[in-house]
Amino acid sequence: MAIGERIHFIRNLRNMTQKELGKAVGFSENTADVRMAQYETGSRTPKEALVQSLSDVLDVSPLALKVPDIDSYLGLIHTLFAMEDVYGIEAEQHGIKVHIVFDSSEQKTSFALFSMLSEWATKTEMLRNGEISKEEYDQWRYNYPSDEVIRN
């Protein structure tokens with residue numbers, strides 16, 4: 001989810017209008033809603049200082065607004081939080097393992113996404129059971145989706 005979409009999503013969670021948010025971060029009465037619309041639609045990208053102001057007003061971490069960097073633990077966890085918002089995923093702990101759960105009955109999880117995740121789970125199980133090699137598994141992952149999946 002892009003930064004504009006995150007701003008829009010969290011602004012709506014806070015029951016704020018674009019004008020209210022724009023004024024709260026310092027835009028004039030006349031331009032507040034237009035400026036916020038530009039950021040939310042992605043026609044403008046907020047600079048770091050504005051991201052900080054937005055996060056202060058919306059009472060969220062700046063990481064909740066930014067496009068996450070999955071190469072850091074904080075970036076990864078905020079990616080998962082965004083996926084919770086968009087796809088309805090949940091984290092569940094079972095003993096010493098934590099599972100990320102996609103529920104096919106959850107309205108936010110589409111059948112297509114659930115099918116792709118199920119295919120991934122099947123391939124992972126095949127690898128665990130020795131039915132395919134690590135090289136075959138990697139070949140499948142790095143060439144996903146196959147031409148056949150794309151055509152369907």
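Me: Helices are runs assigned by DSSP, at least four residues long and numbered from the N terminus. In this predicted model, which helix holds L65?

Reply: The helix numbering counts from the N terminus. By that numbering, L65 lies in α5.

Me: Is L65 buried or exposed?

Reply: A residue counts as buried when its relative accessible area is under 20%. The relative accessible area of L65 is 0%, so L65 is buried.

Me: Which residues does L65 touch, not counting residues up to four places away in sequence?

Reply: Contact requires heavy atoms within 4.5 Å. Residues up to four places away in sequence are not counted. The residues that L65 touches are then I3, R6, I7, I10, V51, L54, S55, L58 and V60.

Me: With which residues is L58 in contact, leaving aside its neighbours within four places in sequence?

Reply: L58 is also one of the core residues that touch the most other members. Once its neighbours within four places in sequence are left aside, the contacts of L58 are I10, R11, R14, M16, L21 and L65.

Me: How far apart are the C-alpha atoms of L65 and H78?

Reply: H78 is one of the buried residues of α6, and α5 is among the elements that cover those buried residues. L65 and H78 are 13 residues apart along the chain. Their C-alpha atoms are separated by 9.0 Å.

Me: Why do the buried residues of α6 line one face of the helix, and what is the arc?

Reply: Helix α6 covers residues 73–87 and reaches 20 Å from its first C-alpha to its last, close to the 21 Å expected. Its buried residues are G75, H78, T79, A82 and D85. They line one face because, seen down the axis of α6, they fall within an arc of 115°.

Notes: Residues numbered from 1 in each chain as written. Predicted model: local features only at pLDDT ≥ 70, side-chain atom pairs only at ≥ 80, totals over all residues. Heavy atoms only, no water. Helix = DSSP H or I, 4+ residues; strand = E, 2+ residues; numbered from the N terminus. Expected span 1.5 Å × (residues − 1). Buried < 20%, exposed > 50% of the residue type's maximum accessible area, 1.4 Å probe, protein only. Arc of directions from axis to C-beta. Core = buried A, V, L, I, M, F, W, Y, C linked by side-chain atoms within 4.5 Å.
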